[in-house]
Amino acid sequence: MRFIVSFLAFLGPVVCFGQASSPTSILYNQVLSENRDYPELLGTNLTYTDDGLHLRENDQLVKLNKYFALGRRLIRYHVRLSADAEMVFSSNEGDFSAQVDMGSKRIGIATTPALYKQVDFLDASHEYLVEIHRDYQTSGIRIVDLFTGQSAELFATMDGGGGVGRGMVQSGFYVGLQHDYYCFGLKKGSDAWVKQLIVESKETDLTLLIYGDSITEPEGYFPTEDFHQSWTQLIINRVQGKAMSSGRGGTTIHQLLDRIKNELPYIKAKYVMVTIGTNGGNTEENLSELVAYIKSQGAIPILNNIPANESNTHIDANVMIEKIRQKYGIKGCRFDLATSADHDGKDVDQTTMYFEDYDWGKIYHHPNVKGSKLMFLRTLIDVPEIYK
């Protein structure tokens with residue numbers, strides 16, 4: 001028990017559930033023990049003991065059923081592994097996976113090719129902190145020996161291809177962005193014990209928190225050398241206080257509502273900027289619910305028009321978004337003006353977007369360097385207060 005006590009002392013105040021009354025980096029925190037229920041941990045035949053969650057079956061993942069998408073975050077595990085154990089730490093979508101292999105005494109990341117690092121201090125009689133980090137395009141694993149203080153880490157950086165098919169500007173390097181739920185399990189070996197799980201934001205008490213779908217997740221497609229010129233990073237780097245983004249490709253307002261409730265009440269933000277609707281799903285009812293929720297957290301909502309795209313679906317979506325802005329008396333950026341050919345919010349200016357050439361269609365709806373700059377400049381017109 002002394003290790004659990006010392007671990008909690010190291011972390012400071014415990015915040016597990018409910019709305020935080022003041023900003024905190026801790027989004028989730030549970031010490032796992034016998035005779036308690038953890039309904040948010042999903043798996044088959046989970047066994048809890050005084051030493052934590054006991055993992056004995058190979059190739060079965062446990063899922064933390066809490067949705068996070070912050071661009072800068074980590075999950076920390078307090079673990080012990082048998083001498084022959086290999087633990088895997090992954091996303092439920094399988095886009096990112098890291099390993100701790102006691103038998104081979106190494107840590108790894110399942111990129112192509114896979115990356116490994118020898119960690120000679122691994123000892124099955126010791127306990128460890130294992131941290132899985134995400135920092136926009138960079139993800140990695142860090143392990144710390146709780147008996148000796150020794151540590152090792154391995155990180156890799158996602159390098160986007162720009163467009164798709166004939167639109168690719170480079171081949172890139174795929175690492176994964178840790179979509180959407182944290183998972184862990186025993187890949188091989190006899191035993192592993194998980195004593196505690198903590199999800200942590202790397203920033204709190206923000207001036208600005210930016211939410212959206214893949215348009216708000218340029219780390220997934222931007223070449224690394226240009227990432228600082230993506231629209232989210234241009235805004236974040238201009239804001240005087242702290243700012244962060246929470247984008248997730250392919251999502252709708254329904255997923256956004258889910259994850260914002262796991263993030264905003266804890267880290268807090270003065271302004272919350274939302275760009276959602278590219279993938280459909282917007283209704284007056286759920287847009288109103290989103291704005292009302294942001295206001296309930298003491299934040300100022302900014303509801304942006306979605307940029308122009310090749311199929312012109314943004315036009316009707318933006319009419320609805322404007323209606324909600326008028327209803328609540330809030331502001332938003334006219335990203336559609338910035339990315340349309342005649343600056344009228346109608347036909348997309350293809351030079352502002354990466355070209356995605358699929359078998360089923362030719363797509364122009366992810367802003368490139370030019371489009372990002374024009375979107376950023378639009379914020380200086382529509383919401384200059386975020387930079388004060």
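Me: Contact means heavy atoms within 4.5 Å. In this predicted model, what covers the buried residues of α4?

Reply: Helix α4 comprises residues 284-296. Its buried residues are N286, L287, S288, L290, V291, Y293 and I294. The elements that cover these buried residues include α3, β18, β19 and α5 (314-328).

Me: How far apart are the end C-alpha atoms of α4, and what span should its residues give?

Reply: The expected span of a helix is 1.5 Å times one less than its number of residues. Helix α4 has 13 residues and should therefore span 18 Å. The distance between its end C-alpha atoms agrees with that expectation, at 18 Å.

Me: Which residue with a positive phi follows α4?

Reply: The phi angle of the residue in question lies near 80°. The residue that follows α4 with this positive value is G298.

Me: Are α3 and α4 roughly parallel or roughly antiparallel to each other?

Reply: Two packed helices are described by the angle between their axes and the distance between the axes. For helix α3 (residues 253-267) and α4, the axes lie 11 Å apart and the packing angle is about 5°. Angles under 35 degrees count as roughly parallel. The two helices are therefore roughly parallel.

Me: How many residues in the contact of α3 with α4 are nonpolar?

Reply: On the α3 side, the contact is made by I253, H254, L256, L257, I260, K261, L264 and P265. On the α4 side, N286, L287, E289, L290, Y293 and I294 take part. Of the residues in this contact, two are polar and two are charged. The number that are nonpolar is ten.

Me: In the open sheet of four strands, which are the edge strands?

Reply: The strands of this open sheet pair in the parallel sense, in the order β17-β16-β18-β19. An edge strand pairs on one side only, as is the case for β17 (243-247) and β19 (300-303). From one strand to the next, the twist averages 20°. The edge strands are thus β17 and β19.

Me: What angle does the direction of α4 make with that of β19?

Reply: Strand β18 (residues 269-275) pairs with β19 in the parallel sense over four bridges. Within this pairing, V274 has L303 of β19 as its bridge partner. Helix α4 packs on the sheet and touches both β18 and β19. Its direction makes an angle with that of β19 of about 150°.

Me: Is K268 buried or exposed?

Reply: K268 is located in the loop between α3 and β18. Its C-alpha lies 18 Å from that of K66, although 202 residues separate the two in sequence. Buried means under 20% relative accessible area. Because its relative accessibility is 15%, K268 counts as buried.

Me: Which residues does S82 touch, not counting those up to four places away in sequence?

Reply: S82 belongs to the loop between β6 (72-81) and β7 (86-91). With a relative accessible area of 13%, S82 is buried. Its contacts, leaving out residues up to four places away in sequence, are M102, A124, S190 and D191.

Me: With which residues is Q233 in contact, leaving aside its neighbours within four places in sequence?

Reply: Q233 is placed in helix α2 (residues 231-238). At 9% relative accessibility, Q233 counts as buried. Apart from neighbours within four places in sequence, its contacts are Y136, F227 and H228.

Note on methods: Residues are numbered from 1 along each chain as its sequence is written. This is a predicted model: local features need pLDDT of at least 70, side-chain atom pairs count only at pLDDT 80 or more; totals for chains, interfaces and linings use all residues. Side-chain values use heavy atoms; hydrogens and water are left out. Buried means under 20% relative accessible area, exposed over 50%, partly exposed in between (1.4 Å probe, protein chains only). Two strands pair if DSSP finds at least two bridges between them. Axes are lines fitted to C-alpha atoms, for helices over the stretch in contact, and angles run from 0 to 180 degrees between N-to-C directions. Angles under 35 degrees count as roughly parallel, over 145 as roughly antiparallel, 65 to 115 as roughly perpendicular and the rest as oblique. Ala, Val, Leu, Ile, Met, Phe, Trp, Tyr, Cys and Pro count as nonpolar, Asp, Glu, Lys and Arg as charged, and the others, Gly among them, as polar.
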